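Dear colleague,

I am passing on the structure that we spoke of, and my notes on it follow below. Please read them with the model open beside you.

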There are 2 protein chains.
Amino acid sequence: MQRILATYRITASESESRARAEALALEQSVEMPLEAVTDQRVRAEVVASVESVRADGTAFEVILGIAPETTLPEASQLLNMLFGNCSLQPDVELVDVELPASYAARFHGPRHGIAGIRTAAGAEGRALTCTALKPQGSSVEQLAALARTFALAGIDVVKDDHGLADQPGAPFAKRVPAVQRAIDEANRATGGSTRYAPTFSGGMDALDAQARIARECGVAMALAAPMLIGVPAFVALCERFNGPVMAHPAFAGSGRIAPPLLLGRLFRLFGADATIFPNHGGRFAYDRTTCEAIAEVAREPWHALKPTLPVPAGGMTLERVPEMIADYGSDVMLLIGGGLLTARERLLERSRAFAVAVRQ
Amino acid sequence: MQRILATYRITASESESRARAEALALEQSVEMPLEAVTDQRVRAEVVASVESVRADGTAFEVILGIAPETTLPEASQLLNMLFGNCSLQPDVELVDVELPASYAARFHGPRHGIAGIRTAAGAEGRALTCTALKPQGSSVEQLAALARTFALAGIDVVKDDHGLADQPGAPFAKRVPAVQRAIDEANRATGGSTRYAPTFSGGMDALDAQARIARECGVAMALAAPMLIGVPAFVALCERFNGPVMAHPAFAGSGRIAPPLLLGRLFRLFGADATIFPNHGGRFAYDRTTCEAIAEVAREPWHALKPTLPVPAGGMTLERVPEMIADYGSDVMLLIGGGLLTARERLLERSRAFAVAVRQ
């Protein structure tokens, strides 16, 4: 089978680069000195290969060929072989990964993708809108009232704040049916089709219980943070939940895996139908190039995997809607959370203005 | 309830520090502008508090008081509130965390701890030895033969390489019984009590299946990488597996959570009976101070949690045994992997020399 091609950037001088690249190839495969590897098949087929080394200023870029047999088609083992041990080496960044088609085909990727989210939210041929229920600490009634307002305003997707888990004040089992009911009522009143994406969190037993509750009350979408619940649990959630799943970037900012690779390509591989990322010019530090690259790898043709909907967020405002649509086009969902809530008693009007601005 | 005290280091000028600290407090709790938080209880009890701000060269240290009600007693939600969104802000490091006693008591921590590992391995009053089965790509027979040699040599714990998962060449269901059988036979021959710690990997269904297989063939210990399988799955594994669980640091090197906090304190909180870390002077970059701090927080008295056994590793050699024991004392397990395997046909002798050197 063809190799997985993983591109790393290593801070080291050119004279050291070949030795450093070869050490990395061992670290990310057999994790032992080559002279101690006696089996010829292991040397030829299992040890990662150094495919290229290219100087790049004070660093160099190395492409390793990683044997798919070491990674299985399993998300956490893929991360292990791509960036497990070398995550502990501060001079190494993981920049990009290319998968053989036969290997990529062993992951499902998004079940629904952009088209599935459009169908769920009844939003064809235009950018979508998203907002968040917050703050945590609010009662179930407060969150449901907020959701009703957003749905009356015509927002496409209302998600839970990523901090909403199973807190005693608004536990999942009470919050989610109440919010879904409020949204259903508003949809009936407006003829709209706002969808709710509650936050799924915790261990696999909790996730399964949450999926049952969500299914029973007609929830159509879900939100989870792959790096918090763990990528195997995220993959399982995408398989088991009967609707589009949005990935949240919480805890994903190690800074040494390129954001387009992690939030775009890998989350897509693992099944994310939408990927939220901190847009430039907000509360986070990603620059415009990084954000555009995230959107690009999420949506570009890639093996047989459906495209993932990019969701720029993180301190966005109504004023930036035209610019964001100009930047990202119509295959995007704009997420404004706090920027709506600061309207307070004028929340319905500002939310409606957001929905209208994006629809136009 | 008392607050969780989380210490961050933020790269910013002193003049910005107060505003930056307050922004961080919002980011890590309600994630919205304070003026939009209308509920007085939320303002008083849920919004994180800025407990102190202290200038420190070109950075400053801020201590936030995080409300335990936001984090639940659940591992991934604790990480979410400690470092979820701000992991995406490259100027923020998470340095340390102190938990209220009542909150710490809601986590079990290590079930077995150092004393439990000593009992399992029959190793009282001295440092322990550990080595690894590798390389991946080896057949079940090759790995079992290696395990037999290590057990005959008197190594206390033989673990799988962290890259061994469920690869078709040596799948868990065949590898683990065969290796355990080889070790059992060697133990009978020597009267020793070498223990085997296979690598548990993948999603929760896979972990449960692996625990069943391990139980059936008498495996006494386990190894898993919390940041790869996800911390909720690691917690569940520690609860369900009937023996000490070792934490592997793969994928844990984001560099912006202080290693003593993540590998020492938090892995201990989540249930690790032993924690492997890259020792200074090997293939990784942690310095001596960092390594000693990991060992210290793993073992120091901390609420009612049992101590976690520190396992320095990552390119260690036989020659460094006296120095490591002088550094870490006897409550330590020394892990040498590749440094034994390079002996090739003299593997038994070198492994025996390792076991003897540590016992003395």
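Predicted model: local features only at pLDDT ≥ 70, side-chain atom pairs only at ≥ 80, totals over all residues.

Is B:Ser17 buried or exposed? With a relative accessible area of 6%, B:Ser17 falls under the 20% cut-off, and B:Ser17 is therefore classed as buried. When its neighbours within four places in sequence are left aside, the residues in contact with B:Ser17 are B:Val53 and B:Phe60.

**A covered helix**

Helix H4 of chain A, residues 75–83, is mostly covered, since nine of its nine residues are buried.

**How the two chains are related**

Chain A is superposed on chain B by a rotation of 180 degrees with 0.0 Å of shift along its axis, and the RMSD is 0.0 Å. This is the relation of a two-fold axis. Within chain A, the C-alpha nearest that axis belongs to A:Gly230, at 1.8 Å from it. The same surface serves both copies, in that 100% of the contact residues of chain A recur in chain B.

**The two largest pockets**

The largest pocket has a volume of about 610 Å³. It is lined by 36 residues, and those closest to its centre are A:Gly202 and A:Gly203 together with B:Pro73, B:Glu74 and B:Ala75. Two or more residues of this lining come from each of helix H8 (172–190) and helix H9 (204–216) in chain A, and likewise from helix H3 (68–71), helix H11 (231–240) and helix H12 (259–270) in chain B. Sorted by class, the lining of the largest pocket holds 21 nonpolar, seven polar and eight charged residues.

Of the 30 residues that line it, A:Pro73, A:Glu74, A:Val235, A:Glu239 and B:Gly203 lie nearest its centre. At least two residues of its lining are supplied by each of helix H11 (231–240) and helix H12 (259–270) of chain A, and by helix H9 (204–216) of chain B. By class, the lining of the second largest pocket comprises 16 nonpolar, seven polar and seven charged residues.

With kind regards

Methods. Residues numbered from 1 in each chain as written. Chains lettered and ligands numbered in written order. Heavy atoms only, no water. Least-squares fit on C-alpha atoms with pLDDT ≥ 70 in both. Contact = heavy atoms within 4.5 Å. 1 Å grid on protein atoms, 1.4 Å probe; cavity = no way out; pocket = protein on both sides within 12 Å on 5 of 7 lines; lining within 4 Å. Points joined across faces, edges and corners; volume = space filled by probe spheres on them. Helix = DSSP H or I, 4+ residues; strand = E, 2+ residues; numbered from the N terminus. Nonpolar A, V, L, I, M, F, W, Y, C, P; charged D, E, K, R; others polar. Buried < 20%, exposed > 50% of the residue type's maximum accessible area, 1.4 Å probe, protein only.
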